[in-house]
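Please find below a colleague's note on the model. It is set out as numbered points.

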Amino acid sequence: MITFEHLSHRFGDRPVLSDITCRLAEQRIGIIGANGSGKSTFVRMINGLATPTEGRVLVDDLDPARHGREVRRRVSFLFSDPDAQIIMPTVGEDIAFSLRRHKLTADQLDQRTAAILDTVGLSGYVEHPAHLLSSGQKQLLAVATVLVTEPDILIADEPTTLLDLRHTRAICELFATLTQQLVVVTHDLNVVADFERVLVIDEGRIVADGDPGECIDFYRRSMGVR
Ligand SMILES: Nc1ncnc2c1ncn2[C@@H]1O[C@H](COP(=O)(O)OP(=O)(O)O)[C@@H](O)[C@H]1O
Ligand SMILES: [Mg+2]
């Protein structure tokens, strides 16, 4: 459960989020809205990548501003650019890097690596140089590196922005199989159309919240697009 309590945020004098109060309990929640409306700042609050100027956010009963490490163990964050997330030379080493604090034996590590690569459709790529994967495959690897630590919540900020249709679909199909709570920021409205809930953010406020179809219609109308 993610709870925002009268949360506001400013960069200098500029308000970016204004008095947001909401509870995010549904399994799959989409966040949509215009460029610069505050979507990234909103989701970055959830794992302490940004801290509120006023109010607070709680993940279960933990405040990321005070309990950053515990929160980040439960909440993983996926960025649009997988190159920002891939660290090690090979696919297998990159997964192992995510698990470095898990004190696994070599066999356990191999098993966890094989299982997660199977889940994301990259079986057989363990030895493959990570930087030679296609953008879509890199994003699948980035998803694997965050999922392998078994977070309770996955936040994804425009995860399909750099992907072609086929890889966008692969990410969506993968998201549909996850048991984690998912919070996805996107400009691709198809990605969140079958989620349980969508929030529309405009100028730092939640201006529509609820049924995805209705919220997507609201957003299209507000942008003057049919
Ligand atoms: N580090 C920063 N310093 C100053 N202003 C920022 C910073 N990050 C974001 N902003 C501003 O905050 C507003 C909201 O940004 P952001 O949350 O990234 O919006 P979105 O993800 O909806 O495009 C924008 O006006 C942006 O310029
Ligand atoms: Mg953003």
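The points below cover the basis of the model, the sheet, a helix and the ligand shell.

1. Basis. The model is predicted, and local features need pLDDT of at least 70, side-chain atom pairs count only at pLDDT 80 or more, while totals for chains, interfaces and linings use all residues. Residues are numbered from 1 along each chain as its sequence is written, and chains are lettered from A and ligands numbered from 1 in the order in which they are written.

2. Sheet. Six strands form an open sheet with mixed pairing, in the order β5-β6-β7-β3-β8-β9. Its edge strands, each pairing on one side only, are β5 (75–78) and β9 (205–210). From one strand to the next the twist averages 15° (axes are lines fitted to C-alpha atoms, and angles run from 0 to 180 degrees between N-to-C directions). Strands (E, at least two residues) and helices (H or I, at least four) are DSSP runs numbered from the N terminus, and two strands pair if DSSP finds at least two bridges between them.

3. Partners of β6. Strand β6 (residues 153–157) pairs with β5 in the parallel sense over four bridges; Val75 is bridged to Ile153, and Leu78 to Ala156. With β7 (residues 181–185), β6 pairs in the parallel sense over five bridges, among them that between Asp157 and Val185. Helix α6 (residues 165–177) carries the chain from β6 to β7 in a right-handed β-α-β crossover, that is, with the strands pointing away from the viewer, the path from the first strand over the helix to the second runs clockwise.

4. Burial of β6. Strand β6 is largely enclosed by the rest of the structure, because five of its five residues are buried (20 or more other C-beta atoms within 10 Å of the residue's own, with C-beta atoms placed from the backbone). In a regular strand the side chains alternate between the two faces of the sheet. On one side of β6 lie Ile153, Ile155 and Asp157, and on the other Leu154 and Ala156.

5. Helix α3. Within α3 (residues 91–98), the buried residues are Val91, Asp94, Ile95, Ala96 and Ser98. Their cover includes α4 (106–119) and α5 (135–147), with contact taken as C-beta atoms, placed from the backbone, within 7 Å.

6. Ligand 1. Among the residues around ligand 1 are Phe11, Val16, Asn35 and Lys39, a residue being near if its C-beta atom, placed from the backbone, lies within 6 Å. Helix α1 (residues 39–44) gives the most to this shell, with three residues.

Note on methods
Buried ≥ 20, exposed ≤ 12 C-beta atoms within 10 Å, placed from the backbone. Contact = placed C-beta atoms within 7 Å.
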